[in-house]
Amino acid sequence: EYSKIAKEAGCSAMIQVGDFGVSWMELNKIRGSSHYPHLPVYIIPGNHEDFDQWQDFEGVKEVMHNVFFVQKGHIMKLDGLNVLFCGGASSIDKKWQGSSWDWREDIQPADVVRFQKNYAQLDGNIDLMIAHVPPKGVIDRNFDPKQKLAFDVPIYWQDKSAPIIEDIWN
């Protein structure tokens, strides 16, 4: 189990950066067993989630023993560091998701407002930013736009959340 290996390596927590993909039914199955993580696991939403199961959670919510959902735009202390959690991204594979695609996958204006409010109340600076999608500049410098063609989208397709992450990063 990854959490056991991480704990043995000296880690104090694990962060799952989206696309958790575990339903309430699966969580309940895990709750009924003894297979809990050995250290805290913080999860952020990606772009392939069951957003209905997370929509009413605010801030940080323990969804099962040692597993915590962290809302988009939330800032928390972790090992003495101010950590910003920025889940969300656009699905380049939206065409194949059919009815499972959900508009809430993208970073929403309310998520940006939440970040701004949390940042204004922060004592100090953000030390670490956890995001599902990289900042737009990182994508532009490091990813070949021709790879987008494999997803049947035009070369100019852009993840709507990447420029938002870029702005927050800057």
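Predicted model: local features only at pLDDT ≥ 70, side-chain atom pairs only at ≥ 80, totals over all residues.
# Briefing: helix packing, aromatic pairs and buried polar residues

Ser161 lies in helix H6. Ser161 counts as buried, at 0% relative accessibility, and helix H6 (161-169) is among the elements against which the buried residues of H4 pack. A search of the whole structure finds six aromatic pairs.

**Ser161 and its surroundings**

- Leaving aside neighbours within four places in sequence, Ser161 is in contact with Gly88, Ala89 and Ser90, with Asp106 and Ile107, and with Val133.
- Arg141 is 20 residues from Ser161 along the chain, and the C-alpha atoms of the two residues are separated by 17 Å.

**Helix H4**

- Helix H4 comprises twelve residues, 109-120. From first C-alpha to last, H4 reaches 17 Å, close to the 16 Å expected at 1.5 Å a residue.
- The buried residues of H4 include Asp111, Phe115 and Asn118. These residues cover an arc of only 70 degrees around the axis, and therefore lie on the same side of H4.
- Pro109, Val113, Lys117 and Ala120 are exposed, and they are carried on the face of H4 turned away from its buried side.
- The packing partners of the buried H4 residues are strand S5 (74-78), strand S6 (81-86) and helix H6.

**Aromatic pairs and charges over rings**

- One aromatic cluster is formed by Trp54, Phe57 and Phe69.
- Phe57 also has a charged residue over its face, namely Lys61, at 5.7 Å from the ring centre.
- Lys94 is placed over the face of Trp101, at 4.0 Å from the ring centre.

- Leu122 is found in the loop between H4 and strand S7 (128-131). Its relative accessibility is 19%, so Leu122 counts as buried, the limit being under 20%.
- When residues up to four places away in sequence are not counted, Leu122 touches Ile75 and Asn82.
- Leu122 and Phe68 are 54 residues apart in sequence, and their C-alpha atoms are 21 Å apart in space.
- Asn82 is found in strand S6 and is buried, with a relative accessible area of 5%.
- The side chain of Asn82 takes part in a polar contact with the side chain of Lys77, at 3.2 Å.
- A polar atom of the Asn82 side chain also lies 2.9 Å from the backbone oxygen of Asn125.
- Beyond its neighbours within four places in sequence, Asn82 is in contact with Ile75, Met76 and Lys77, and with Leu122, Asp123, Gly124, Asn125, Ile126, Asp127 and Leu128.

- Most residues other than glycine have a negative phi.
- Asn66 has a positive phi of about 70 degrees although it is not a glycine. Asn66 is located in the loop between strand S3 (60-64) and S4, where it is buried, with a relative accessible area of 15%.
- Asp152, likewise not a glycine, has a positive phi of about 60 degrees. Asp152 is located in the loop between helix H5 (136-142) and H6.
- Asp152 is partly exposed, with a relative accessible area of 49%, whereas Asn66 is buried.

Terms used
Residues numbered from 1 in each chain as written. Heavy atoms only, no water. Helix = DSSP H or I, 4+ residues; strand = E, 2+ residues; numbered from the N terminus. Expected span 1.5 Å × (residues − 1). Buried < 20%, exposed > 50% of the residue type's maximum accessible area, 1.4 Å probe, protein only. Arc of directions from axis to C-beta. Contact = heavy atoms within 4.5 Å. Phe/Tyr/Trp six-rings, centres within 6.5 Å; stacked < 30°, edge-to-face > 60°. Lys NZ or Arg CZ within 6 Å of the ring centre and 35° of its normal. Polar contact = N/O pair within 3.5 Å; in protein donor to acceptor, adjacent residues only side chain to side chain.
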